[in-house]
Every structure is written in C-alpha cells, then in structure tokens.
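Take a look at the fold first, and then we can walk through its packing together.

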Amino acid sequence: MGAFWSQLLPPRPTFTESNIPSLDGRVFIITGGNAGIGFELVKMLYRKGDCTIYIAGRSASRISAVIADIEATAPPTGTSATQLKSLIVDFADLTTISKAATSFLAQESRLDVLWNNAGIAQAPTDSTTVQGHEAHMGVNCLGPHLFTKLLLPLLLQTAKTAPSSTIRVIYTSSQIVDTTGPPDGVSLAEQLPGQHPTDKNWTYSASKVGNWFLASELDKRTRGDGLVCVVQNPGNLNTKAWDPVSPLAKMLIAPFLYEARMGAYTELWAGLSEEVTTQHGGRFAVPWERWHPDPRKDVLESLKTREEGGTGGAAEFWDWCEEQTKAYVS
Ligand SMILES: NC(=O)c1ccc[n+]([C@@H]2O[C@H](COP(=O)([O-])OP(=O)(O)OC[C@H]3O[C@@H](n4cnc5c(N)ncnc54)[C@H](OP(=O)(O)O)[C@@H]3O)[C@@H](O)[C@H]2O)c1
C-alpha cells in the first residue's frame with residue numbers, strides 16, 4: 001500500500017493507554033490540550049497519574065472548563081494525583097509567548113516532553129497573525145518555535161539527569177505535506193507581506209512542512225545533548241479542525257476520519273515510547289506509530305544541508321524563524 005493510503009487507512013495502533021510507562025514526577029506541556037487530539041492526549045496522561053500536565057492555549061475559560069471536566073470524570077490510576085495546570089499563550093501573537101514560558105519556568109524545575117500540538121488549518125485567505133505573518137505559518141510555526149526556544153534550556157537541563165531519550169520535543173505535522181504545497185516544502189518568498197498565497201491547503205501544507213523543518217533543525221542543533229526531536233502526523237481525525245472546510249469536502253473526507261482519541265496515539269508513541277530515541281531525531285512519524293515509509297523527495301533534499309548535497313531549505317527556514325521572533329524573546 002502506498003504512503004498516501006497507508007496514512008489514510010493505517011494499521012491498528014499498538015502503543016495505546018495500556019503502554020504508557022510510569023510517569024513518576026514527570027512534567028509535560030501539551031499545547032492545544034483543551035480540544036481535539038491534544039485534549040485526548042491530556043486525558044490519557046492524566047489517567048496514568050503521577051505527573052504534572054500543563055495545558056497551553058489561548059483561552060483561560062476553555063482550559064479551565066476542560067480541567068474541571070477531566071477532574072470530574074477520570075480518576076488517575078497512579079499512586080499520586082496528576083496535577084493539571086493551565087498556561088495561557090496565543091501563538092497568533094508573539095508578544096504572549098515569553099510571558100507563558102516565564103510563568104512555566106517560575107513554577108517548574110524540569111520539563112520532560114513538550115508536545116507542540118496546537119495548530120490551525122483552513123484559516124481564512126489573507127488572515128494574518130498580530131505581527132502580520134501568514135496565519136498558518138505564524139500560529140503553526142513561528143509561535144511554537146519561539147515557545148520551544150524559550151523552554152529549551154530547561155529541556156536540556158532535564159535531559160542531563162533523566163533516563164536516556166526520555167526528554168523530547170514533539171512537533172505536529174499532517175499528511176497534507178505529501179499531497180500539496182510549495183516545491184521544496186516552504187517558500188520564504190511567499191511569507192513576504194502581500195505575497196501570501198490564497199490557497200489555504202497550500203499555506204497549511206507549508207506550515208506543516210515547517211514543523212518538520214523545525215524538528216529536524218532542533219535535532220541537529222542539540223545532537224549530543226540527549227534531546228529527542230521528532231515530528232508526527234497524528235492522522236485524519238474528527239475534530240473542529242475540519243469545521244471550516246466546505247460541506248462537499250467534509251462529505252468526501254468523512255469516511256476517512258477517525259475519532260480524536262486515535263490521533264493521540266501517534267503523539268503518545270512519539271512522546272513516550274522506548275522505541276523512539278535520539279537516533280530518530282528529525283524523523284517523521286505517521287499513524288499509528290510508524291516512521292514515514294516514503295517522504296517527499298524535495299522535502300528530504302531541503303532537510304539536508306548544502307554540504308550534505310541538499311538545498312539547505314530547512315536551515316534557511318530555521319534562520320527565518322529566528323529572525324522573525326528575535327524581538328519577542330523577552
Ligand atoms: N484533525 C486532523 O485531521 C489533523 C490532521 C493532521 C494534523 N492535525 C494537527 O493536529 C493538531 C491538533 O489539531 P486538532 O485536530 O486537535 O484541532 P482542534 O480540535 O482545532 O484543536 C486545535 C488546538 O489548537 C489550539 N489553538 C489554535 N490556535 C491557537 C492559538 N493561536 N494559540 C494557542 N492555541 C491555539 C486550539 O485552541 P482553541 O480551542 O482555543 O481554538 C485547540 O486547542 C494541529 O496541529 C493540526 O494541524 C490535525
């Protein structure tokens with residue numbers, strides 16, 4: 001079966017709730033944990049117990065509501081209660097990110113896994129972030145890049161004493177990277193003001209390749225420090241991410257949408273499975289819990305540096321993200 005169909009109709013998941021290892025005092029951040037796939041991941045970890053989970057999102061009331069919902073319905077099975085906390089951050093506004101990271105760093109002395117899960121799709125044409133970036137690129141890449149950068153010192157510090165390959169940054173991509181988007185994955189020319197493409201699938205795809213570039217470049221920049229950085233496609237799930245698509249498109253995709261819980265399995269595997277190690281840094285996981293069998297060749301070329309015979313597109317993208325976010329570091 002080709003890579004396209006095997007992601008659309010994946011084999012059965014093998015790493016599920018019953019495979020979650022002891023969480024024993026670990027601290028997690030799940031961005032977008034108040035809805036969809038992120039919410040399902042929060043519930044799975046909460047039920048295991050013995051950990052602290054930060055739900056990072058833009059709406060204090062939506063996060064409080066899901067914390068109350070989870071605490072009322074799903075008692076943890078571990079020896080001590082799971083702590084659920086909120087972290088307010090809007091990835092569409094770079095000025096909110098340092099405050100969120102500072103708040104987290106004031107409360108915690110370790111960070112085990114950062115799941116960069118929050119994201120948008122099908123944003124209205126011409127929509128931008130507060131700072132004027134194309135909306136998908138801003139929310140899905142620039143905001144998470146800055147957030148990760150600010151948390152990186154604590155991740156690296158935690159990795160010094162934690163068991164090997166347990167400290168991780170997980171980016172979230174999509175199957176769309178296989179089907180559409182700019183040649184080489186991301187076009188920086190398209191990010192210039194006034195040059196944003198009007199095709200929402202195109203701009204979403206570019207941002208999701210951007211997530212892969214960020215995972216790969218973070219891996220290259222921290223290799224040897226014990227951090228695992230990978231990206232994953234959670235699958236095609238029935239969440240509110242699909243709300244903006246046309247009724248016809250919804251009808252066509254409906255038979256291939258799985259319940260949101262299934263989407264959390266690849267995130268869970270990428271974040272916690274012993275099968276995933278620093279050796280897999282920069283790789284792209286697909287549902288449920290496998291490495292991509294046949295990634296796009298032009299994107300693979302971008303992931304390689306010029307010295308390695310590639311185009312160096314991912315490194316250029318990283319540098320662009322650094323440039324766009326540097327004014328918001330503190
Ligand atoms: N569903 C799918 O079929 C599918 C397929 C491939 C990839 N993905 C990816 O999976 C991830 C999760 O998507 P989902 O399907 O669970 O979608 P979802 O139900 O719409 O959840 C998205 C989450 O991201 C948060 N978010 C959106 N914009 C934000 C912002 N500006 N600042 C902070 N948080 C923000 C949302 O918060 P609010 O509740 O406040 O909006 C929500 O918690 C995304 O990265 C998406 O691209 C999904």
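Which residues does Ile29 touch, not counting residues up to four places away in sequence? Ile29 touches Tyr54, Ala56, Leu87, Phe104, Leu111, Val113, Leu114, Trp115, Phe147 and Leu151, where contact means heavy atoms within 4.5 Å.

This is a predicted model, in which local features need pLDDT of at least 70 and side-chain atom pairs count only at pLDDT 80 or more, while totals for chains, interfaces and linings use all residues. Residues are numbered from 1 along each chain as its sequence is written, and side-chain values use heavy atoms, with hydrogens and water left out.

- Eight strands form an open sheet in the order S3-S2-S1-S4-S5-S6-S7-S8, with mixed pairing; two strands pair if DSSP finds at least two bridges between them.
- Strand S3 (83–88) and strand S8 (290–291) are the edge strands, each pairing on one side only.
- Strand S4 (residues 113–116) pairs with strand S5 (residues 167–172) in the parallel sense over four bridges, and Leu114 has Val169 in S5 as its bridge partner.
- H5 packs on the sheet, touching strand S1 (26–31), S3, S4, S5 and strand S6 (227–232), and its direction makes about 160° with that of S5; axes are lines fitted to C-alpha atoms, for helices over the stretch in contact, with angles from 0 to 180 degrees between N-to-C directions.
- Helix H6 (residues 200–222) lies across S5, S6 and strand S7 (284–286), running at about 165° to S6.

**Aromatic pairs**

- The whole structure has 10 aromatic pairs: rings of Phe, Tyr and Trp (its six-membered ring) with centres within 6.5 Å, called stacked under 30 degrees between planes, edge-to-face over 60 and tilted for the rest.
- Phe91 and Phe147 pair edge-to-face, at 5.7 Å centre to centre and 70° between the planes.
- Both Phe91 and Phe147 are buried, meaning under 20% relative accessible area with a 1.4 Å probe, protein chains only.
- Trp269 and Trp291 form a tilted pair, with 5.1 Å between centres and 55° between the planes.

How values were computed. Helix = DSSP H or I, 4+ residues; strand = E, 2+ residues; numbered from the N terminus. Buried < 20%, exposed > 50% of the residue type's maximum accessible area, 1.4 Å probe, protein only.
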